[in-house]
Amino acid sequence: MDKFTTLEGVAAPLKIINVDTDMIIPKQYLKTIKRTGLGKGLFSEQRYKDDGSENPDFVLNQSAYRNAKVLVAGDNFGCGSSREHAPWALLDFGIRCVISTSFGDIFYNNCFKNGILPIRVSQEDLDKLFDDAERGANATLTIDLPNQEIRGPDGGKVKFEIDPFRKHCLINGLDDIGLTMEKKTSIDTFEAKLKERAWA
């Protein structure tokens, strides 16, 4: 998993509440177990018209936001089913941080396991960040995980809270496998002892 320390990039405003995981990545994209290639399906029912052409009204199709790294979203983002393809699709598109007032619990946990930082902020702070994000190509936010703050284009700062263990994992690029491998020496020692016991 890629490490997450400081991220600077364009923030796209998605002023929709209750964005569920089916909206993030529709069911027809769930046939794969690969984590790559899902970016094309991200918000596909909003991004594309029935004929397959792009919907110019959808935020991620607008030239200023095509390379967004941050998504500023409405309340209850990532609700619905537990599909891990949702964070995979965001990551494959290039989004490493989602900011909202609240998240679906399973989606929230899956983000951390896949190198995406979900940040909870107050409604007042979210409104400020929406204002920043609506500046188009000038909507650059800096996400500083070590200092737990979001810096806006005008120098404004929003502080955020994060569980220390999850912060440690993101900063060090540790997913569940990486955490296990941190204990490799202990695991190897245990397995060597098992080999000494013929009955084990």
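1. T101 is buried, at 17% relative accessibility; buried denotes under 20% relative accessible area, exposed over 50%, and partly exposed the range in between, with a 1.4 Å probe and protein chains only. T101 is found in the loop between β3 and α4. Helices (H or I, at least four residues) and strands (E, at least two) are DSSP runs numbered from the N terminus. The side chains of T101 and D75 are joined by a polar contact of 2.5 Å. A polar contact is a pair of N or O atoms within 3.5 Å; within protein, one must be able to donate a hydrogen and the other to accept it, and residues adjacent in sequence count only if both atoms are side-chain atoms. With neighbours within four places in sequence left aside, T101 is in contact with D75, R120, V121, S122, Q123 and L126, where contact means heavy atoms within 4.5 Å.

2. On the basis of the model: it is predicted, local features need pLDDT of at least 70, side-chain atom pairs count only at pLDDT 80 or more, and totals for chains, interfaces and linings use all residues. Residues are numbered from 1 along each chain as its sequence is written, and side-chain values use heavy atoms, with hydrogens and water left out.

3. The chain has eight helices and seven strands. Its C-alpha trace spans about 70 × 45 × 25 Å along the principal axes. Of the 200 residues in the chain, 44% are buried. Among contacts with a separation of 6 or more, 64% come from residues 24 or more positions apart.

4. The chain exposes about 10,600 Å², of which carbon and sulfur atoms supply 49%; accessible areas come from the Shrake-Rupley method with a 1.4 Å probe, and for residues only the protein chains shown count as cover. There are 27 positive and 30 negative side chains, and the centres of the two sets lie 6 Å apart. Lys and Arg count as positive and Asp and Glu as negative, while His and the chain ends are not counted. Each charge is placed at NZ of Lys, CZ of Arg, CG of Asp or CD of Glu.

5. Is R83 buried or exposed? R83 is buried, with a relative accessible area of 18%, and lies in the loop between β2 (70-73) and α3 (85-93). The side chain of R83 makes polar contacts with the side chains of D22 (3.1 Å) and S81 (3.0 Å). R83 and D22 are 61 residues apart in sequence, yet their C-alpha atoms are 8.4 Å apart in space. Beyond its neighbours within four places in sequence, R83 is in contact with residues including T21, I25, L30 and N110.

6. Helix α3 is largely enclosed by the rest of the structure, because seven of its nine residues are buried. These buried residues are H85, A86, P87, W88, A89, L90 and F93. Their cover includes α1 (21-24), α2 (44-47), β2, β3 (97-100) and α4 (105-113). After α3 comes G94, whose phi is positive, near 120°.

7. The largest nonpolar core has 52 residues, and those with the most contacts inside it are F43, F77, L90, I99, L117, I143 and I150. Such a core is a set of buried Ala, Val, Leu, Ile, Met, Phe, Trp, Tyr and Cys residues joined through side-chain atoms within 4.5 Å. Elements giving two or more residues to this core include β1 (6-14), β4 (117-120), α5 (123-133) and β5 (140-144). With neighbours within four places in sequence left aside, the contacts of I150 include I99, I119, L129, I143, V158 and F160.

8. Two backbone values deserve a look. Most residues other than glycine have a negative phi. N18 is not a glycine, yet has a positive phi of about 55°; N18 is in the loop between β1 and α1 and is partly exposed, with a relative accessible area of 41%. N76, also a residue other than glycine, has a positive phi near 65°. N76 is placed in the loop between β2 and α3 and counts as partly exposed at 25% relative accessibility.
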